[in-house]
Amino acid sequence: MRILLLTILATLLLFGIWGANQHQVLGSKLPALGPLMSPYTGFWQQAEPTDVSDQINYSFPQLSDEVEVYFDERMVPHIFASNVVDASFVQGYLTAQHRLWQMDISTRASGGRLAEVLGENLLERDRLQRRKGMLWAAENAIKSWKQNPQEWAIITAYSEGVNAYIATLKPADYPIEFKLLGYKPEEWTPLKSALFFKSMAETLCSRNKDIPASNTKSWLGEELSNFLYQEWNPNQSPIIPASVEWGFEPQQSTPRDTVTEMLGQHIPYRTFPLPPEFIGSNNWAVAASKTKNGAPILCNDPHLNLTVPAIWYEVQIHIPEYNAYGVSLPGVPGIIIGFNNDIAWGVTNVGQDVMDWYTIEWADEQHNSYVLDGQNKEVDELVEIINVRGRPEPVLDTVKYTYWGPVVYEDKGNEYDGMAMRWIAHDQPEQIEPGVLGAFQQLMKASSYDDYYQALQGYESPGQNFVFASKTGDIALTVNGKFPIKQKEQGRFVQKGNTTQNKWQGFIPYEHLPRVKNPERAFVSSANQHSTMPDYPYYYNGGFDDWRGRLINHHLDSLSEVTVEDMMALQNESYSLKAEEGLPILLSLIDSTDADLLQAEGVKILRQWDYRFLYDAMAPVLFQKWLEKSYEYTFDEMYQRDEEEEVLFPESWRFLYLLKEYPLHDIFDVQGTSEKENAQAIVSKALKEVLEEEEMNWGDYQEGKVVHLGRIDAFSEPLPEVNGYADAPNAFKGSNGPSWRMIVELGDHVTAYGVYPGGQSGNPGSPFYNSMVSKWSRGEYYPLLFFEHSEAAASKALQHIHFGK
């Protein structure tokens, strides 16, 4: 018996030892606890001291000369190199040192390789990424980069720098997420940088409404559809002022002589998950004539998902050709938003739709060929190999490529069995120097408007509103990118893919892009609203902001003697034009015969509200809930229909307009009740329900959080006391908002301020992991230490790294 007991115990012990060294053992989500808990290789090794070594020396044969790096008190590296290639190598090394796991997981997510390390649950997501052609898009970018020797030298040096850092790592040194998930870093390549860049394109220019718009128009009919879905908000204040004249003859597109939209049919597919609507940002520049110090001021705050590690990595790069400071994307060399000794630049997202959908008419049952212009055309097949953790063999998925692009939706058992995706980010960039990467390199060394104009010629995707200011006094803004020439309303609905009449008719020439320089109003700005007035000679569609841009333009127009502090206040402004215009409409529709409702405490709170979304206020919650419930009651039939097929919901500005101007319209009648409701009835009913709900303040309602990229809650950072609203300049919403705030005053000596909700390090055990969150939450800024010489940087250095040959 004793021998049997010992045998059982030994077996259990061996099983326990085996299990402790296996990841996701027996289907669980647990990491291998043995390596994780090891004091030699586990999470204990992630703790970083609050003090750092004064000087470190490295030697790498890839360098052609010595490079000095000085880290300031926020762990921002200030790189001093003798050439751009060496600077790129060191930038790659340092970015990997602080953000390696972020770089790895972001490119895996983009390229469809998550299941390889996270298992079966991510297989379908990976399959979708492959079908969307993300890897194909990155490969096309690589082809273009290789044809530009200077850009290719920069991107390869950056990759070599990343790999030089990876080569120094032992398992004990791996970032904690590698240990938790049980895999190790792999070689970095230029393709990974391209995938990171394409992931930004996916975030910023993949929104589309073709499927729900087609279903909705087929369901409602043309008259009601046109009434509910208007392309232009008459209250809009566009990016390019109405005073700008178009001094060019537009290229004309070829008229289509057939009905091209797929209407009258049910489209069974649902649009794949899209990034949040109106991801985009604010930027503006104020002319010297409008500022107190007589120097232009440029401001930028891109609104993106708020994550740790943060999406941005702050850096200064000083070489003989330029001295530039700003934020970079971890995985891409150079500076995306920033400034130098002479100019500053920033970006917001362009809302124009550059992804269209086409139905495929198959020519055979096997879907090996399709009909195009009356001819059968064979598909190009690409077999995607998807490795899945826990599976002995990879999953193979054949993606079919057509004239339009990859077939994302295919169901041989459905009459609507093929839809292909035409997306601008798939295209191989044209050979215009500088290219997409080169555009930022050129901006980093630009000193004038002409340099800015030349730098943007090769930038294609994702479309961005590039704001500019210079010491010489010029301010400008360009709606920049590669935008298709379309027929009116082309791209609003799914189109037939059996005729090339439905193709884009070329691309808007660079010289014809919307732009403005030194306008009379003495400022330029953008906040994701319409690019132009409707008189712009080229048609475009998409999704555009209706509130922030108008408020910012009004605010800037009213200011004089502008200071940096004024600009900080505007970036942090939680006042919402949506509330200013919407609340009075809702209040006016309360049933005038209901004395109790009119005198309710919640109504009194709303009447006294100043339309600011402060974290400790109740009024913002009451307004938001009231507006949402009124909307849901109005479009109750749409919510029911959306369970059967994807439909398009009207925009909020149009809903408020209908409440005010058409309160008796049939759309306000609630389905399923015997009464005939109008706007007053549904608004009053919604208010009663809101007032019966538990009271809470705006901060609790928002549930703000800076979310860890791996959704590890212990590594996330709560944001309970943050002001802001999605439709206010400080566009904070839950886990989305200003990911980097920057203000640059271009005086004799450039002064700049910035902050982002995170820290330079991606290591949760580092004091620099979330070191800037509190200051960001309070709307405060850090002075950006912009050093002219290495000696000045050395005098302020927390740490010095010498890179030798």
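Biologist: What makes Cys299 count as buried?

Modeller: Cys299 has 0% relative accessibility. Buried means under 20% relative accessible area, exposed over 50%, and partly exposed in between, with a 1.4 Å probe and protein chains only. Cys299 therefore counts as buried. This is a predicted model, in which local features need pLDDT of at least 70 and side-chain atom pairs count only at pLDDT 80 or more, while totals for chains, interfaces and linings use all residues. Residues are numbered from 1 along each chain as its sequence is written, and side-chain values use heavy atoms, with hydrogens and water left out.

Biologist: Why is Cys205 counted as buried?

Modeller: Cys205 counts as buried because its relative accessibility is 6%.

Biologist: How many disulfides does the structure hold?

Modeller: The structure holds 0 disulfides, a disulfide being a pair of cysteine sulfur atoms within 2.5 Å.

Biologist: Why is Pro276 called partly exposed?

Modeller: Pro276 has 35% relative accessibility, and so it counts as partly exposed. Pro276 lies in the loop between helix 11 (222-228) and strand 4; helices (H or I, at least four residues) and strands (E, at least two) are DSSP runs, numbered from the N terminus. Leaving aside residues up to four places away in sequence, Pro276 touches Arg207, Asn305 and Asn736, where contact means heavy atoms within 4.5 Å. The C-alpha atoms of Pro276 and Leu204 are separated by 9.3 Å, with the two residues 72 residues apart along the chain.

Biologist: Why is Asn323 called buried?

Modeller: Asn323, in strand 9 (residues 322-328), has a relative accessible area of 4% and is therefore buried.

Biologist: With which side chain does the side chain of Asn323 make a polar contact?

Modeller: The partner is the side chain of Gln316, at 2.7 Å. A polar contact is a pair of N or O atoms within 3.5 Å; within protein, one must be able to donate a hydrogen and the other to accept it, and residues adjacent in sequence count only if both atoms are side-chain atoms. The side chain of Asn323 also reaches the backbone oxygen of Phe787 at 3.0 Å.

Biologist: What puts the buried residues on the same side of helix 15?

Modeller: In helix 15 (residues 564-571), the buried residues are Val564, Met567, Met568, Leu570 and Gln571. They cover an arc of only 160° around the axis, and therefore share one side of helix 15; the arc is that of the directions from the helix axis to the C-beta atoms. The buried residues of helix 15 pack against several elements, among them helix 14 (548-558) and strand 27 (741-745).

Biologist: Why is one side of strand 17 (407-410) left without a neighbour in the sheet?

Modeller: The open sheet of 4 strands has the order 17-18-12-21, with mixed pairing. Strand 17 and strand 21 (495-496) stand at the edges with a single partner strand each, so one side of each has no neighbour in the sheet. Two strands pair if DSSP finds at least two bridges between them. Strand 17 and strand 18 (residues 418-423) run antiparallel and are joined by 3 bridges; in strand 18, Gly418 is the bridge partner of Glu410.

Biologist: Which are the edge strands of the sheet of 11 strands?

Modeller: That open sheet has the order 1-30-2-3-8-9-10-11-19-20-22, with mixed pairing. Strand 1 (55-59) and strand 22 (515-517) are the edge strands, each pairing on one side only. Strand 20 (residues 475-480) is joined to strand 22 by 3 bridges, and the two run antiparallel. In strand 22, Lys517 is the bridge partner of Ala476.
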